[in-house]
Amino acid sequence: MYTLYTDPLHRIAYATDASAYREVPIGVTFPENEQDIVFLIQEAQKRQTHLIPRAGGTSIAGQVVGNGIVVDISKHFNKILEINPEKRWARVQPGVVLDELNLALEPYGLFFSPETSTSNRCCIGGMFGNNSCGSHSLIYGSTRHHVLEARGVLCDGSIESFKTYTVKDLEDRFGNRFWENESEVLIQNIYAQLINWALNDETVRIIEDNYPDKGLRRRSCGYAIDEVIEDLHNEAKPLEDRTINLCKVLAGSEGTLAFITEIQVDLDPLPPKEKMVVCAHCDTLQKSFLGNLIALQFHPAAVELMDRNILELSKQNTEQQKNRFFVQGDPAAILIIELRGETKAEIDAIADELEKALMENDEKLVYACSRVYGSEISKVWSLRKAGLGLLTGMKGDAKPIGVIEDTAVTPEKLPDYMADFAQMLENLGLSCVYHAHISTGELHLRPIINIKEEEGKRKFREVAYQTALLVKKYKGSLSGEHGDGRLRGEFIPMLYGMDVYALMQDLKRRWDPSHVFNLHKIVDTLPMDSMLRFEVDQQYAIEKELKSDKTYYNWKAAFDECKVEGATGAKTQLHALMCSIEQCNGAGDCRKSNLIGGTLCPAFKVSGDETKATRARANVLREILTRGWGSEAFAHALNKDKSILKSEELAEVLDSCLACKGCRSECPSNVDMTRLRSEILQHKYDVGGMTLRSFAVSRMALVEQLGHLVRPIYNFMASWKISSNIIKRIIKFSTERDIPTLSRVTMREAVQKYRKKQHEKGTKGKVYLFADEFTNFHEAELGLTFAKLLLRLGYEVKIPRHVESGRAAISKGNLKLAKKFALKNVNILKDVISENAPLVGIEPSCILSFRDEYPDLVPAELRTQAQLLGNNALLFDEFIMREAKAGRITADDFKTDAVEIWLHGHCHQKALVGTEKTVAALKLLRNAQIHVIPSGCCGMAGSFGYEKEHYTTSLAIGEMVLFPTIRKATGNTEAITPVVVAAPGTSCRQQILDGTGVHAVHPIEILFRWAK
Ligand SMILES: Cc1cc2nc3c(=O)[nH]c(=O)nc-3n(C[C@H](O)[C@H](O)[C@H](O)COP(=O)(O)OP(=O)(O)OC[C@H]3O[C@@H](n4cnc5c(N)ncnc54)[C@H](O)[C@@H]3O)c2cc1C
Ligand code: SF4
Ligand code: SF4
């Protein structure tokens, strides 16, 4: 039985989707079965409210934003019910994620072909609701073309199967010429209405005259009445043989007509193995529109566009930087043209002709072409798909706004339509980003507008209105794929005419006479500029509360340095902080499951709970820090006199974050929740004090330093069950975890002692080792091993004077303390460390603080020096590969004994530098077989996994991928080649030991063991 959540956390988390809208729902619920939906309909009727069906919540036109009850089906309605490979169909529940369905279909050589850019988190139910499609819509069409059958609940609670019926089938069920009379039976009336329209010549004429061009491949605007009645007025057939399938109109109906509980889709064979993309570079946008028409003559599988702005933004995103390898020069636009065939030679021949046609013409439409083959193609698509996310991450109040972002006209009309469109923008004084599905005449057009200003809000409406006029002129569709939601409904009467609009209103009334389903979407929408996420001249509640502009990080620096055209920057530090939160556009990349991979976001992956995704954190931070207790979600809250920083909702979303930095790199908008969390935690401490645990963890290095003076007593207290349990209880650590004991000597002492015994002087250069607080006190032997390795490889090794990295303080939000460490380290090391004498670290999270956090923690006047220091503060593998590249370290320095290595990268390493260099360093062992575990965060995340209330979650995160992989890899006791599990993170090694009993080693230890 479902629970209705009416608490502020759920209501805020579900108040937005990926659109510009925000409206707080009265409640949120997660039905478990069809009967729950029936009860929910009754509940909604009783409360005189409506249900908002919601899947992945990635809609851009505000489809799942409203003041009713949000019904999230992604949690329980997510099963694949049946796959029939012979007949090529699959039956699924609506909450199944598209990529997960396609993973299950892969062994059968099949897939569900309308692939949206959001395929790793959007659900089949949401795709059906919006009639979604993707880059290959040229050959595969949209979801409407692939839904064979659906099952769902109507507003009277009756359950129906929607599939193809002949008029005879319907007459058998409802009686001869049943459409001539009104009935008590809802479904009968629904069919009757459509049959009556189809049999009325005048109605058919109105529809044919006013709906968009038939040649349009993409259309998600208004109800598809024309398609659902198409066969009913096919006069070539006897009436009784004519067919109707209500799925045609349900596709794209945005949850306004029925609640869908099952969907049967047809499947396509996987594309042929041989593929290639030609990336055609144009020096003006207009040339790309014309180039598209040439490309279409070569029957490509897809043609997509990326303009200069997108390419520029991709330079600033860690994840996407590596996907730009094919870009030549500084193009105004790139056409990505996908060719498919049976053999490489066949496609190359087509590409030769295509490139000739594009480049050798009078207009010189294309100045360069890059060909990309095989696995590299996915990188090109990844860059293209990240486009929209990258855009909405633009820094500052002005954003490339979703308002007319998926208009479509036939491709032949695109050059003229675009010329008119550019003129319109110029008249309005706006600039725009252009990208995406050019082959089908649909471009994602995002004018850059600041809707926080009155003038911007006016332009938001004006651009929508004037574009609708242009779309009408070119007989296109106002939405090619994203749907109407609450954004475009207002323009449907103008676009389709009042007669068609009246039919659409009648259709909605017929299906939903009691107003239960998703009100004010498609028809009878509210003004398109109401209920926006940002209000004009909105003040921030936090500003009043803090009474100052003081932040602990320098948030503004990144805004000042953003070079993207149109970016407005930030006025103050607090403004920059708020804009950094507002960078979350709701696109939902943080809802990927562990089947999809990546790190982002472990807290969501393990729970499937929206309130634990990065998006919810950003939504809650934005709402609370902007509207404070004034938010509708807090209408019934008590204690409104206390600081908003003390609100439970804020505490809850910060608490479930592991600070793994997964979002820092994988969120296309670079929402850096690790950093936001630290900043807000420090402000919370400022008003309410710090917990004993946070204080103890952030001062752990000091405790260890003191403990080292009385090491035997410290170790006894840490390992004797009774004393250690008392300590754990005091600081609220789980008693299941062991407190790490101290090494006999510190790393600093061990290395110094060892060096004294060495007489040989390194000839290859000087290396400064960073004796981070974890290695120094707990794993001195590892630190010594690294020193020995470097000495053996011919380097001079020193440990400079420095203080702890402050990693624990940063992760606990004790930024006042972290700033002190950062300042000290920068001051001490700035004149010592250089490119020729780098600082090299063993523990990823510590050494990477130099690069990621220090420049924004030190005073602004030290920023440049901190950045320089950060650039020369290298992780062990970065150093080894730098030296390998220079030829100073080679495979000849290592033995050739075989070894099988299973590598789990540290999550900060993955987020900031990736694991590629660790793999490359381990490949110096010629006979090493290396497997990178696709594990994301291990679940320990510093002290998170030690904390009592997080212990179970921490292990559950490990159980998703990491532990089972390690158990399997190490399970074969008869393996001849030694199997080693490698993990550069100290917490990761502890987590692996606790979760599997396997002792993982640092990659440095493997390199040392194999060093000659
Ligand atoms: C960055 C980005 C890129 C995008 N790229 C594309 C693209 O390439 N192609 C494209 O087509 N779209 C794209 N979209 C839009 C969006 O991702 C798609 O429309 C997607 O299919 C929506 O799926 P969802 O699971 O998020 O659905 P939701 O947003 O949750 O819901 C979509 C609609 O379906 C309805 N619905 C959901 N479940 C049910 C149900 N059980 N019964 C009845 N109605 C239901 C909802 O009420 C809503 O109206 C993009 C969006 C973003 C943010
Ligand atoms: S946090 Fe990032 S990935 Fe998640 S919804 Fe926001 S912008 Fe998208
Ligand atoms: S830091 Fe990690 S846990 Fe926190 S929001 Fe980002 S991805 Fe999720």
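Which residues come nearest to ligand 1? I looked this up first: of the 35 residues around ligand 1, Pro53, Ala55, Thr58, Ser59 and Cys133 come nearest, where being around it takes a heavy atom within 4 Å.

Before going on, I noted that this is a predicted model, where local features need pLDDT of at least 70 and side-chain atom pairs pLDDT 80 or more, while totals for chains, interfaces and linings use all residues. Residues count from 1 along each chain as its sequence is written, chains are lettered from A and ligands numbered from 1 in the order written, and side-chain values use heavy atoms, leaving out hydrogens and water.

Next I checked polar contacts (pairs of N or O atoms within 3.5 Å). A polar side-chain atom of Ser59 sits 2.6 Å from an oxygen atom of ligand 1, and for a side-chain N or O atom of Ser132 I got 2.7 Å to an oxygen atom of ligand 1. Glu254 uses a polar backbone atom, 3.0 Å from an oxygen atom of the ligand. The protein covers 98% of the 980 Å² of accessible area that ligand 1 has on its own (Shrake-Rupley method, 1.4 Å probe).

I then looked at helices (DSSP H or I runs, at least four residues) and strands (E, at least two). Helix α4 (124-130) is among the elements that supply at least two shell residues, and α4 gives the largest share, five residues.

Last, is Ile713 buried or exposed? Ile713 lies in helix α31 and is exposed, because its relative accessible area is 53% and exposed means over 50%, buried under 20%, partly exposed in between (1.4 Å probe, protein chains only).

How values were computed
A polar contact is a pair of N or O atoms within 3.5 Å; within protein, one must be able to donate a hydrogen and the other to accept it, and residues adjacent in sequence count only if both atoms are side-chain atoms.
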